[in-house]
Amino acid sequence: MAVSYTKYLRMYHMPHMWCPGCGIGIIVKAIIRAFDALDWSTDDLAFVSGIGCTSRAPGYLDMNTLHTTHGRALSFATGIKFARPDKHVVVISGDGDATAIGGNHLIHACRRNIDITLVIVNNNIYGMTGGQYSPTTPVGARAATSPWGNIDIPFNVSELVKGAGATYVARGHVGSGVQLERLIRGGLTHKGFSVIEVLSNCHTQYGRRNRIPDAIDLIEHISKSTVSVRQAEKMSPEELKDKYAVGLLHQDTERTEYCDDYNKVIEHAQLER
Amino acid sequence: MDNTEKKQRQVVFWPGNKVVAEAAVAAGCRFFAGYPITPSSEIAHVMSKRLPEMGGKFIQMEDEIAAMGAIIGASLTGQRVMTATSGPGFSLKQENIGFASFIEAPCVIVNVMRGGPSTGLPTALGQADVMQARWGTHGDRPVIALTPSYLDELYNEVIRAFNLAEMLRMPVFLLIDEVLGHLSERVEIPDPSEYELVERPRPTVSPEEYYPYDSSQGDVPPMADYFTGYRWHTTGLNHDKTGFPTTDPVICQAEEERMERKVSGNLELIEKYEEYMTEDAEIGVVAFGTTARAALVAVADARKKGIKAGLLRPVTLWPFPEKPTRRLGQRIKAMIVPEANLGQMIYEVERVAGCNGPVVGVNKIGGVPIYPGEILTRIEEFA
Amino acid sequence: MSDHFEARFAAVGGQGILLAGDIIAEAAISFEGKYAVDSPTYTAQVRGGPTKVDVIINTKRIEFTRTTAIDFMLCLAQKSWDRFGFDLKDNCTVLIDPSLVHEVDEEKYKVYRLPIIELTKTKMKKMVYTSAVSLGAMAGLTNYLNPESIRKALLKKAPRGTEEPNMQAFDIGFEAVKDLRHG
């Protein structure tokens, strides 16, 4: 059955503020389809963001929505989830928001394994503030603050969160909305901290400075840089250079979840009291 | 006082930081997020033990900023929330404090003030965060800061802080200093029947009719708990009554002015001060926190020497008690303002006192308290 | 000065001396209906660093919380004396352990020497009772608080199961100062 997007959207706020062709649209639609497939009530969902282009997404979704400060979405989301472990908390963030200014919260949310789903829209640039290089801008790429080419080594976001202890790590891209929905749904149902890194396009700020100014061209460029997890397993490190494995990269269902563990603390404390 | 009522009160000998934590629990606080910092850490120690006992939640976050974010998140679910910190942490929290002010999320922030700027004197007192409390976050927003001087007063002010935060939907600061935080003294714990716990206003309309910043019934809009069907949006951007962003200058101005009115229009509720021998005073002293205790001794000593001195002690420091300061200021020869900083509250006293004579500070930093004798010397100088 | 009393307990961090201050204050509040404040000094390095706790007792509510004229001081480390040996009244009763504190102003103060550490070690076997021995000695040397009040407060504050040895330690200190002369 076709998904009724309007059931989840605050249509009275359309048109949205994103650039035509922006990957965020594809991502938000994938998130909606994932919600719809799980048949969760929007009353039970909190959708939280920080600052940047992604931060505007919660405003368009008809649920409990919170647009917070730069980089801090996960800390607010942690407060919500920890106060109400019975509800669903989803965070959307960008590469700058999540891995630069919010990097500390990111690694600690991973370590804590609190049951929050984080979607990181990685478009390799600070879009909203005017195209400055981010922690995921490739070496050599041009940005508003790297007119001579970027010299910073980028993060591999998925590897970073895996290393920090996230128990569900997936990478998708805007060239495949179907796969993306599946990966997000997997994250939503996973009990623990889950991260879905989405390779996305900012043709406006990144593409125009790096000779791929068209949205479709940039999405195609991103698609071509991806290989499936299964393919990647068969490839040499040489062959994998500049390629991104997409799919479910890591899942650990053994580790206990933070709120569950804290419930045991409460039980213990009340017994001892 | 009625003796039968007094008998019901538990008398304890607790350090100030424990008083803060126990009073918070009594005030219905069931969510605390914090980050270790001297000299406020003992508050977190007690909360980490007490909250799970009460079925509440304690979380030590990765930094001060995250602790502030977490309590705002929990506040949105309807919880009474608190964090505690000290100078450097108070600095780090400022952006999210502004956010809480702007989305009008009730929360209590304790700042156990230490000495010096930067890392300063972590284990010693200071009172130098007066202006940071008022103006620390960018932009305009209303402020309430409570500065009790005694531990039994502290207990009651913690409860009042929660009530004000909930009633007015805003962050409330409890500014105490290291001396009060670590000092132990006799505290009479009021029986729960002696105080009221006030809840935030909640919507009485259906979700369809609900606007999160609807001020048609007053300056404090009803606040729906998350996950109760109201599905509202909030943002740190300037927003209108629907909670969604706006850049309309008329709405921006009206909404920010409404926020300011939550304090300026409720002074009777918020303001609290004590006067000691001010009726016929010729020399006025204005002091808060533990410095006010030294000032009280100085005033009493001055009286013994025949000098008509009087003390005004703000318990609510922000909004500043303008009326009593002016009342005192206009009939005295000189105003003495002792504070453990290089002169902060004195600007407010100068602004509002309308004093014909000099307004003089007694300023001492370095972690050592101002002694009564130092204040007395100044009083004598201007008598 | 019968309505006002100031005491200072100085040692190095870890000797449990902060607890002694608490017990004296508890004695005044719970068993004599007096007011008390207790202010510990936190030095940057709490463990092993010089530390002290000041206790003020009065029959009325105490306004200024710092000591200005100390009646009794217990000191268990030279470096703590060097750092905190001020604000003492002339004639202040000073109790030191001679194995740990060597130089104090004999002219100004009534100095009592009691080998508290040695006494605790030989008679109690466990150093955790240093505070209780010290409190007993203090009770024997000062008369502001009834020794029985201090004893009761110690009993109240003692961890479960240690009541008896704490009482024993208190009595050891109390008896040991009976024939002690200052100087």
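**Interfaces of chain B with chains A and C**

Chain A and chain B together bury about 3,400 Å², with carbon and sulfur atoms accounting for 60% of that area. Within the part that chain A buries against chain B, Asn64(A), His67(A) and Phe76(A) supply 15%, more than any other three residues. The model is predicted.

- The contact involves 43 residues of chain A and 39 residues of chain B.
- There are 3 salt bridges across this interface.
- Asp43(A) and Arg231(B) form a salt bridge, in which the closest N and O atoms lie 2.7 Å apart.
- Polar contacts link 19 residue pairs between chain A and chain B, counting pairs with both residues at pLDDT 80 or more.

**Chain A with chain B: elements and composition**

- On the side of chain A that touches chain B, two or more residues come from each of β1 (45–49), α2 (57–60), β2 (64–67), α3 (73–83), α5 (103–112) and α12 (258–272) of chain A.
- Of these elements, α3(A) gives the most, with 7 residues.
- By class, this side of chain A holds 16 nonpolar, 17 polar and 10 charged residues.

**Chain A with chain B: strand pairing**

- Strand β2(A) pairs with β10 (residues 233–235) of chain B in the parallel sense, over 3 bridges.
- Within this pairing, Leu66(A) has Thr234(B) of β10(B) as its bridge partner.

- Chain C contributes 23 residues to the contact, and chain B contributes 21 residues.
- The salt-bridge count between chain C and chain B is 0.
- Polar contacts join 4 residue pairs across this interface, again with both residues at pLDDT 80 or more.

**Chain C with chain B: elements and composition**

- Both α1 (17–32) and β2 (35–41) of chain C supply at least two residues to the side of chain C that touches chain B.
- The largest share of that side, 6 residues, is from β2(C).
- The residues on this side of chain C divide into 10 nonpolar, 5 polar and 8 charged.

**Chain C with chain B: strand pairing**

- Strand β9 (residues 184–189) of chain B pairs with β2(C) in the antiparallel sense, over 2 bridges.
- Glu185(B) has Val37(C), in β2(C), as its bridge partner.

Note on methods
Residues numbered from 1 in each chain as written. Chains lettered and ligands numbered in written order. Predicted model: local features only at pLDDT ≥ 70, side-chain atom pairs only at ≥ 80, totals over all residues. Heavy atoms only, no water. Contact = heavy atoms within 4.5 Å. Buried area = accessible area lost by both parts, 1.4 Å probe. Salt bridge = Lys/Arg side-chain N within 4 Å of Asp/Glu carboxyl O. Polar contact = N/O pair within 3.5 Å; in protein donor to acceptor, adjacent residues only side chain to side chain. Helix = DSSP H or I, 4+ residues; strand = E, 2+ residues; numbered from the N terminus. Nonpolar A, V, L, I, M, F, W, Y, C, P; charged D, E, K, R; others polar. Pairing = 2+ DSSP bridges.
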